[in-house]
Amino acid sequence: MSGKVRDYPKLAKDILEAVGGEENVIGVTRCATRLRLVLKRSKPEAKEKVSSMPGVITVVENSGQFQVVIGQHVGEVYEEFSSLVNVETSDEKSDNKGTIVNRVIATMSAVFAPFVYILAAAGILQGLLIIINLFFAGFEETGTYQVLSFISWAPFTFLPIFIAITASKHFKTNTYIAVACSAALVSPTWTEMAAQIAEGNTITFFGMALSETVYTSSVLPPLFLVWILSYLERFLNKKMNEVIRPLFVPFICMVVMVPLTILLIGPVSTMGANGIAGGYNFLAENAPAVAGAIIGAFWQVLVIFGVHWGITPMVLANFDLYGRDSFQAYQTIAVIAQVGAVLGVVLKAKSQETRKVSVSAGVTGIFGITEPAIYGVNLRFKKPFIFGCISGAIGAIAASFFNPYYFAYAGLPGPLTIVNGIDSDYPMSIWGILLGGVIAVILPVILIQIFGYGEDTAKKAGSESLVESNDPNSNEETVNAPFSGKVIPLSEVPDEVFSSGAMGQGIAIEPSDNKLYAPFDGTVVMVAPTKHAIGLRSVSGVELLVHIGLDTVKLAGKPFTLYVEDGVKVTKGDVLIEFDKESIENQGLKTITPIIITNSHAYKEIIIEDNNDSTLDTKLFTVVK
């Protein structure tokens, strides 16, 4: 099998070309596993093309974004992609903005994703301090604890500045002006003034009374500040003479935006965030089992579509208001459930490659990053994802009876952040999270052992005779040619989708016959509506795609006669499709037929035989489990 992709410049260039080039890209950001692109126009073929590229797990189009799920190497691809495009100064707008909700979620993603690891690191440090205090009672009084504590809280205290940096890039406004305005919000002087107002003193700005709202750890006030700033700055840049512009644009922006935020934007947006948090908290306090079930079951569904960042302001509002949050406690259980589902596949799988992929995906889940587990394993086999959602719901319901909370924010909630649930005032919280986590990790393992994990367990590998073998314990399967003709290496096929190996390993045949025969005993799993391609699955699970000719989809099925349909069992040698070879060639198309093992990743090795020509008895591949 081919190794992991390391040519990130090529992958970035290929993605850019597939989505329509630099002129079609408006914005680019990244999160822990995804390259997130905002495009002017969505190209229908781009999703399929990018999904098939080596190094890409899948593509999700949602929230006005073209999200390329890459995994742990997304940072390298992002750096290379960013070097190929210049989107910082683009004023062009997308033709595909989507709904207001999608645009809000896309904004949250662009703002929080770049510094989520900073918050996660700070959260882990807070968790470690919690553990140390449990074992060393006097540690909290030491200078060492005080230094480490203020380090852990610093990113949250100055969160508006982080938001100013990322939001200014998203809204395309001057980063330094945005930081200057947001820094004023977290100024110690303003904190002192707000405290005086809270004590009953009145402080006014040009006769207008100021509110007691403070902005350390706030989310929406700096976000709205930068958004409105982007319009103000663009207006001033257009209206102001270029000689005085460098000085007076920042001057006017600061003296307008900071007071405007303190007087109006801050109090209103803070009230909105607190209102949303209050609504969730009402449900969590009055029907905790319902809240737990919903989050445990559906949190990872939000992750699939990349819209999970939208909940961040509510969670941070909870920590700011109450010093605790139950959402992240249930969220952690949902994450653990997907890790448990991957563990179930590791224990159940017969394929060494499937186990290897599952172990790798499961390790990232331990750190709270579940996309590799979801796309690489759980959604691929479908059942593990469903079992994970069910287990997450049951685990969260069990935890809900113990009033589970997080007392320190976790940037990436998961197994490593469970300690954030420890607090002396809520001693049962951690036990509820632990109970829910144990259920979430064990239950999917049990369900997968009983019901299997999907495609690979539909027919138990090794329990039935393999094609060309009467030994039920054989680790090899032979795949024969589906018709006679000239054998061509896949790399020489004049179609990069096939020649790149993105769809799987295989070869191609230029047929001398006009009939396609079943190369093994199995099942028809896919027939193209235009009859030019067919998907087969052997008794032991080898999945084969046979694509008759190149670009023959254009013929709308006219030269093809189909003798089978989806779900039909076939025997080696059965006629599947008849085609008019001469008619295809007369229309200027090639009859070169790629024959691809689409689940190549599931096998230890695929040996491609060295043939120049083929007959129906010619061995094309030997598949080694």
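Me: Is Glu 543 buried or partly exposed?
Reply: Glu 543 counts as buried, because its relative accessibility is 14% and the cut-off for buried is under 20%. Keep in mind that this is a predicted model.

Me: Which residue does Glu 543 form a salt bridge with?
Reply: That would be Arg 537, and the closest N and O atoms are 3.4 Å apart. Arg 537 counts as partly exposed, at 25% relative accessibility.

Me: OK, and how many salt bridges turn up in the whole structure?
Reply: Three, from a search of the whole structure. Besides the Glu 543 and Arg 537 pair, there's Lys 10 with Asp 14, and Lys 581 with Glu 585.

Me: What's the N to O distance for Lys 10 and Asp 14?
Reply: 2.8 Å, between the two side chains. Both residues belong to helix α1, which covers residues 8-18. They're separated by about one helical turn because they sit four residues apart in that helix.

Me: How accessible is Lys 10, and what about Asp 14?
Reply: Lys 10 has a relative accessible area of 46%, so it is partly exposed. Asp 14 is at 22% and also counts as partly exposed.

Me: And where do Lys 581 and Glu 585 sit?
Reply: In helix α21, residues 581-586. They are four residues apart there, so about one helical turn separates them. Glu 585 counts as partly exposed, with 35% relative accessibility.

Me: Switching topic: what does UniProt put on residues 495-599?
Reply: The unreviewed UniProt entry annotates them as "domain: PTS EIIA type-1". In the model, that stretch of chain is 10% helix and 40% strand. Its end C-alpha atoms are 20 Å apart.

Me: How far does helix α5 reach from end to end?
Reply: 29 Å from the first C-alpha to the last, over 20 residues (116-135). That's close to the 28 Å expected at 1.5 Å a residue.

Me: Which residues of α5 are buried?
Reply: Quite a list, including Val 116, Leu 119, Leu 125, Leu 129 and Ile 130. Gly 123, Gly 127, Gln 126 and Asn 133 are among the buried ones as well.

Me: Which residues form the nonpolar patch on the surface?
Reply: Among them are Val 243, Ile 244, Leu 247, Phe 248, Phe 251, Met 254 and Val 268. Together the patch residues have about 970 Å² of accessible area.

Me: Where is Met 254 in all that?
Reply: Met 254 lies in helix α11, residues 245-286. With 35% relative accessibility, Met 254 counts as partly exposed.

Me: How far is Ala 284 from Asn 403?
Reply: 119 residues in sequence, but 9.1 Å in space, C-alpha to C-alpha.

Me: Last one: where's Thr 173, and which residues is it in contact with?
Reply: Thr 173 is in the loop between α7 (159-171) and α8 (175-185). Leaving out neighbours within four places in sequence, Thr 173 is in contact with Ser 168, Val 226, Leu 229, Ser 230 and Glu 233. Thr 173 counts as buried, at 10% relative accessibility.

How values were computed. Residues numbered from 1 in each chain as written. Predicted model: local features only at pLDDT ≥ 70, side-chain atom pairs only at ≥ 80, totals over all residues. Heavy atoms only, no water. Salt bridge = Lys/Arg side-chain N within 4 Å of Asp/Glu carboxyl O. Helix = DSSP H or I, 4+ residues; strand = E, 2+ residues; numbered from the N terminus. Buried < 20%, exposed > 50% of the residue type's maximum accessible area, 1.4 Å probe, protein only. UniProt positions renumbered as here; feature names shortened; annotations may be inferred. Expected span 1.5 Å × (residues − 1). Patch = residues over 30% accessible without salt bridge, like charges linked within 9 Å, V, L, I, M, F, W, Y side chains within 5 Å. Areas by Shrake-Rupley, 256 points an atom, 1.4 Å probe, with all protein chains shown as cover. Contact = heavy atoms within 4.5 Å.
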